[in-house]
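Please look over the sequence and the model below before reading on.

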Amino acid sequence: MSRKELSVEHPKWGTIRLTYNPRARHIILRAHPDAIIITLPPNTKNSDIENALEKYGDSLKIKQTEISKKIDADYYLDRPLFRLNIQKCDIGRIRLTGCNGKYILQYPSSIEITEIETQEELRIGITAAIRHRAEEILPARLRELSQQHKLQYSSVSVRKSHTRWGSCSNKGAISLSIYLVLLPQELIDYVILHELCHTIEMNHSPRFWALLDKLCNCSSKGLRLQLKYYKTDII
Ligand SMILES: [Zn+2]
């Protein structure tokens, strides 16, 4: 049996390229800028492919978005609480500098910015800046809002979460996505208040929404709507 390739349009996961490899031992999934590539061993059932996609599809789509975005010399992020510019410099390696939410990511003038390795390093640098800012402002703001509204949480962690802005465990452990720092202050507060409300109401019942609305000065519906316009997959 030889290698065969087949391209299909999946209703949920978009373009998928299937490669049959007689020597493959298990299903391998990879993200490419324009497709999800799946390598299949002999005798793979359709249900095996579907199961693999259900399990890994979300993270592959995120990876796909990441690698399809090019970071060029003019790249910048200009948000109310976070600014970042790229700068060509006479330095030996990529370097991140900055404070108070203003960052500069410098790269050596000797390297080609479009190279895959450079792109990956710049992406790591941008994420490091976002994480730095997130650790600087998010736990402090959570503490402030918790004290202001007398809502207790047990711990806070700041994570590189693309799928959720925040979460709260039933023990009151709050987790916040680093990408919150790319939002305006009122939406950061909205997400934090949402998680703090879960320390009282561990559900999305009418009582939960009423409490959240009270803490947001009756503007929670509008804020919730605004939040939908923001995405975490900026790089
Ligand atoms: Zn919730």
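Which residues have the most contacts inside the largest nonpolar core? They are Leu 105, Ile 130, Ala 134, Leu 180 and Val 181, in a core of 34 residues. A nonpolar core here is a set of buried Ala, Val, Leu, Ile, Met, Phe, Trp, Tyr and Cys residues joined through C-beta atoms within 7 Å. A residue counts as buried if 20 or more other C-beta atoms lie within 10 Å of its own, with C-beta atoms placed from the backbone.

This is a predicted model: local features need pLDDT of at least 70, side-chain atom pairs count only at pLDDT 80 or more, and totals for chains, interfaces and linings use all residues. Residues are numbered from 1 along each chain as its sequence is written.

At least two residues of the 34-residue core come from each of strand 6, strand 8, helix 2, strand 11 (173-177), helix 3 (185-197) and helix 4 (206-215). Helices (H or I, at least four residues) and strands (E, at least two) are DSSP runs numbered from the N terminus. The core lies between domain 2 (76-132) and domain 3 (134-227), because both give residues to it. Leaving aside residues up to four places away in sequence, Leu 180 touches Ala 134, Leu 138, Trp 165, Ile 188 and Val 191; contact requires C-beta atoms, placed from the backbone, within 7 Å. Another core lies apart from this one and has five residues, including Trp 13, Ile 36, Ile 38 and Leu 60.

Four strands form an open sheet in the order 5-6-8-7, with mixed pairing; two strands pair if DSSP finds at least two bridges between them. Strand 5 (76-79) and strand 7 (95-99) are the edge strands, each pairing on one side only. From one strand to the next, the twist averages 20°. Strand 5 and strand 6 (residues 82-89) run antiparallel and are joined by four bridges. Arg 79 has Phe 82, in strand 6, as its bridge partner. Helix 2 (residues 116-149) packs on the sheet and touches strand 6, strand 7 and strand 8 (102-108), its direction making about 160° with that of strand 8. Such angles run from 0 to 180 degrees between N-to-C directions, with axes fitted to C-alpha atoms, for helices over the stretch in contact.

Finally, the whole protein. Its secondary structure comes to five helices and 11 strands, and buried residues make up 21% of its 235 residues. The C-alpha trace spans about 70 × 50 × 30 Å along its principal axes. An automatic or database assignment sets the domain bounds, and domain 1 covers 4-68. The C-alpha centres of domain 1 and domain 2 lie 32 Å apart.

Terms used. Buried ≥ 20, exposed ≤ 12 C-beta atoms within 10 Å, placed from the backbone. Contact = placed C-beta atoms within 7 Å.
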